[in-house]
Amino acid sequence: MNLKHIAIIMDGNGRWATQRKRPRTFGHQAGVKTVRSTIETCVKHGIPNLTLFAFSSENWSRPEKEVQRLMELFMRSLNKETAELLKQGVKQSFIGDLNRFSEKLQHKMFEVSELHPEDLKLNLNIAVNYGGKWDVVDAAKNFASDVLNGKTSIDDLSEEQFNNYLSLGDGPMVDLLIRTGGEHRISNFLLWQIAYAEIFFEDTLWPDFDATTFSQIINKFQQRERRFGQTSEQIKEQKDA
Ligand code: IPE
Ligand code: IPE
Ligand code: MG
């Protein structure tokens, strides 16, 4: 299957909870279950990379209580889910500006990212305090620093080399980007890495996004013709050859 990397903007937890007359954090809690089933579906379909947008650099501006609950939930989920994920062949990594988190949480993320499953099935990237614009600026800074240190030169910079300075490194570009929750925007998620992604906006709120809905999107993705600038005729010829 030509689907190497799925990225998801997991949106709609707050509205899901509000519809049930419960606090927004109840929705975030319910969303953890969806994360679990989404990972399982990726493993089942043999998709090797999944990047989940869990907390944006803009989400710090939410009410303090909600941010605090999200941090607690994040810590609790890492403690609770990691052993099982390892068993399933999932390698966890974290992308974003991690320095802003508490020492305890930073330590936990470091510890978890050092764990490698025996039989690797899925690279799971969790984007926290992540912003697409931050990612590009951070890459530019690191590149400039390598130029100043004589490790590389400006003339050597190519798209491929620049990609290596970004937080997902030399991993594959996103093939399929999904946003749940009905909004039609990117909200400063991956920018560079979605340059040629197929985008699906799904109305389902994140806690209700089940394996069936996810698999349906994967099937629809398979039916899309990715032309990368070529004509439809060219693509068909290549398929037939
Ligand atoms: C996404 O759900 C989770 C995070 C941003 C942490 P929201 O909390 O944004 O849910 P809605 O969009 O308000 O429904
Ligand atoms: C995007 O959702 C961030 C995450 C899903 C983590 P938001 O709910 O924060 O996005 P906006 O504010 O609607 O653009
Ligand atoms: Mg939202």
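The model is predicted, so to speak of local features requires pLDDT of at least 70 and side-chain atom pairs count only at pLDDT 80 or more, whereas totals for chains, interfaces and linings use all residues. Residues are numbered from 1 along each chain as its sequence is written, chains are lettered from A and ligands numbered from 1 in the order in which they are written, and side-chain values use heavy atoms, with hydrogens and water left out.

Two further side chains reach oxygen atoms of ligand 1: R24 with an N or O atom at 2.8 Å, and R62 at 2.7 Å. On its own, ligand 1 has 380 Å² of accessible area, and the protein covers 87% of it (Shrake-Rupley method, 1.4 Å probe; for residues, only the protein chains shown count as cover). The shell around ligand 1 consists of M10, D11, G12, N13, G14, R15, R24, H28, A54, N59, R62 and L70, a residue being counted if one of its heavy atoms lies within 4 Å. Helix α1 gives the largest share of this shell, three residues. By class, the shell has three nonpolar, five polar and four charged residues (Ala, Val, Leu, Ile, Met, Phe, Trp, Tyr, Cys and Pro are nonpolar, Asp, Glu, Lys and Arg charged, and the others, Gly among them, polar).

D11 also has a polar side-chain atom 3.2 Å from an oxygen atom of ligand 2. For N59 the corresponding distance to an oxygen atom of ligand 2 is 2.9 Å, and for an N or O atom in the side chain of S187 it is 2.6 Å. The protein covers 77% of the 390 Å² of accessible area that ligand 2 has on its own. Strand β2 (residues 49-56) contributes the most to the shell of ligand 2, with four residues; helices (H or I, at least four residues) and strands (E, at least two) are DSSP runs numbered from the N terminus. Five nonpolar, three polar and four charged residues make up this shell.

Where do the ligands sit? A pocket is an open set of points on a 1 Å grid over the protein atoms alone, with protein on both sides within 12 Å along at least five of seven lines; a cavity is a set where a 1.4 Å probe fits but cannot get out, and lining residues have an atom within 4 Å of a point. The largest pocket holds about 930 Å³ of space (points joined across faces, edges and corners; volume filled by probe spheres set on them). Its lining has 40 residues, and M10, N13, F53, A54 and F55 are the closest to its centre. Helix α3 (64-87) supplies the largest share of that lining, eight residues.

The second largest pocket has a volume of about 500 Å³, and 18 residues line it, with N2, D175, F221, R226 and F228 nearest its centre.

How values were computed. Polar contact = N/O pair within 3.5 Å; in protein donor to acceptor, adjacent residues only side chain to side chain.
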